[in-house]
Structure formats: C-alpha cells, structure tokens
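Visitor: I would like to learn how to read a model like this one. Where shall we begin?

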Amino acid sequence: MKDLLVAVVASCGVATVAAAVPVETSIEAPGPAGPLKGTLLAPQPGAGPAILIIPGSGPTDRDGNNPAGILAAPYRLLAEGLAAHGIASLRIDKRGMFGSAAATADANAVTINDYVSDVQAWTRVVRERTKASCVWLLGHSEGGLVAMAAAKNPDVCGLLLVAAPGRPLGEIMREQLKANPANAPVLDQALPAIDALEAGKRVDTAGMHPALQGLFRPAVQGFLISAFSYDPAKLLAGYAKPVLILQGQRDLQVREADARALKVADPNAALQLLPDMNHVLKSVASDDRQANMAAYGNSSLPLAPGVIQAIVDFVSTKR
C-alpha cells in the first residue's frame, strides 16, 4: 500500500532446466487510459510455467526498486533466477507509474480493485505470449494482498505469497509505527487517523505533525481506505488452488506472524520460513537494523539462499 509497506504463470508443469536461452521482451497490456507496461523474461513459448510478479507498496518499479532509496532489484533477480530453471516471468510497472504512467492521469487515484483489474489484463497477455495454460501470481508485500484479491480468476494456477500481509494493513501500520521508539511523539495523531481510515473516513492533515504529512496526505487517503478494507486471511480462507507462503525471519515490515496467520486461514498452503531473508529478499546475518536497511540499497547482493529454489520446487510439484 502507498508508503505503508516498504517495498517493499503458466502451465502447471515445469522444467527444472531451461529449455532455451531466455529472451527479455518489453510487453504491454491494456490499461484504463493508456498501456500498462512490463518486462517478460521467458524461454520459448510453452517451455514451462509462467509467473506474474505483482509489486509491493508505493512507487515500486518492475525491478523492485523505489525512488526512496530502495535499489535492491529483487524482482529482476527473481526473474533471472526463475529463468535459469525454465520458468517465464513478467514483472510490471503499476498503473500510473514509470512505464505505465499513461495508464492513468493520477497514480494515487487507485484502489486495490483497480490493481486486480490490471492483474487480470496482464494474466491474459501472459497466457497469450507464453502459451501457458494458467498463470501463477507472485505477490510481494502489498502485491500479496492484490494477488489474494485476484486469486479467483480461473486463469490463475495458484498463489506465491512472498512477505505478504496476513492481517488488515491498518493493523500492520499500527504495529510498524509503535515498533519505532522515535514515533512516540506522533502516535496520538497517527493512531486515530488509522482508525478513521479503517472506518472509511478521510482525515484532516492540516494540524498533523510534519512526519505524518506524507503518510496520510489527502492524495493517498482513498487508496488507504480501500487497502484497509481488505482482510488477507478472509481472502485466503477456502481458496482451493495451491498456495506457497514464503516469509523471511529478518523482515522488518511483514512479520512471521503474518505468514502464520495466512497458514491458519489456508491450512493446505505450504509455509516456508527463510531465517535470514529480509523484506527485499536479501540475506541479513544479524538483527542489526542498520545492516538490514543497507541491503535495501544494494542490487549487487544476491537473493537470500532458498528463495528461488522454494518457488521452483513448489510450482514443479503442482502439475
């Protein structure tokens, strides 16, 4: 969701070794006012599964980077790792942002349901381009919420939920604010604002502490109201298709408790915890917050061990 969580597909058969050298192609899908754009990295059509990577919160681009200093490129690294196993992937720019800027005049004037519509458009394009019989949705962070909301599309193979929220986003936002001692002076304004947005009411930011002006700015309140209205556990409950829940135990934004809440909601889901993975899917060796945050700006760091293999192993068993 906007500025809350830091960013932060195919046939159900799988080849474990790439059948051909993957080709990277820029592709488009129809958006509301102009094209949505993304990058497809794929072996030859029909060679294996295909995965649609749904980005996390705020201005996160198709590679997983963000102007706020996030340069870890986790989605690009995911795509490259999957391609090495013969798995096609599409990574996308969100409606109104980056390559998809023409899709809407205001990137903030969106809802979760709008993103679901875009996922449906992309799913059709991916199936056409890869000849896949269905598409896996890989949702990272806020993208996991979008994936769950889009999961009932019959063209979806199943869900790959990576650092995905397991509780309503308002609850997670409260937890994040309270976890940082530096936020103590602003909690008496921030917490009532979250309450109001959860109730579907906009808030007046004129008298708010400057540190909260960006988080609750009027332009994003419609999106926050939309995002806060979804309960991930309720979306996942009763879902009949395969689900992988992949969670890092060094994640500063989404906690192990969220992954376990999703597992409770869908007892048939596979839950895999990676001890040293942080929110941008990089390996962090300690609980040192500064070291964790430093990984957000380093695209040269590889993905945490086990990330690619967990996804490959899961989709390979769901034929």
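Guide: Begin with a rule. A salt bridge is a side-chain nitrogen of Lys or Arg within 4 Å of a carboxyl oxygen of Asp or Glu. Keep in mind that this is a predicted model.

Visitor: Which residue forms a salt bridge with K37?

Guide: E28 does. The closest N and O atoms of K37 and E28 are 3.7 Å apart.

Visitor: What is the distance between the closest N and O atoms of D114 and R95?

Guide: It is 3.8 Å, and the pair forms a salt bridge. Now look at where the partners sit. D114 is in helix α2 (residues 112-130), while R95 is in the loop between β4 and α2. The pair links distant parts of the chain, 19 residues apart.

Visitor: Is R95 buried or exposed?

Guide: R95 is buried, with a relative accessible area of 10%.

Visitor: Which residue pairs with D287 in a salt bridge?

Guide: R250. Here the closest N and O atoms are 2.5 Å apart. D287 lies in the loop between β8 (270-274) and α10 (289-294). R250 lies in the loop between β7 (243-248) and α9 (256-265). The pair therefore ties together parts that are 37 residues apart in sequence.

Visitor: What is the accessibility of each partner?

Guide: D287 is exposed, with a relative accessible area of 69%. R250 is buried, at 18%.

Visitor: Now a helix. How do I read one?

Guide: An α-helix has 3.6 residues a turn, so residues three or four places apart point the same way. In helix α1 (residues 74-83), 8 of the 10 residues are buried, so α1 is largely enclosed by the rest of the structure. The buried ones are P74, Y75, L77, L78, A79, G81, L82 and A83.

Visitor: What covers the buried residues of α1?

Guide: The cover includes strands β2 (35-42), β3 (50-54), β4 (88-92) and β5 (135-140). Helix α11 (307-316) is also part of the cover.

Visitor: Where does K201 lie?

Guide: In the loop between α5 (187-198) and α6 (210-213). K201 has 54% relative accessibility, so K201 counts as exposed. Beyond its neighbours within four places in sequence, K201 is in contact with A196 and I225.

Visitor: How do I read the overall form?

Guide: Compare the radius of gyration with the globule rule. A compact globule of 319 residues would have a radius near 20 Å; the protein chain has 19 Å, which agrees. The C-alpha atoms fill a box of roughly 60 × 45 × 40 Å along the principal axes. The protein chain has 11 helices and 8 strands.

Visitor: What about burial and surface for the whole chain?

Guide: Of the 319 residues, 57% count as buried. The accessible surface comes to about 12200 Å², and 54% of that belongs to carbon and sulfur atoms.

Technical notes: Residues numbered from 1 in each chain as written. Predicted model: local features only at pLDDT ≥ 70, side-chain atom pairs only at ≥ 80, totals over all residues. Heavy atoms only, no water. Buried < 20%, exposed > 50% of the residue type's maximum accessible area, 1.4 Å probe, protein only. Helix = DSSP H or I, 4+ residues; strand = E, 2+ residues; numbered from the N terminus. Contact = heavy atoms within 4.5 Å. Rg over C-alpha atoms; globule rule 2.2 N^0.38 Å. Areas by Shrake-Rupley, 256 points an atom, 1.4 Å probe, with all protein chains shown as cover.
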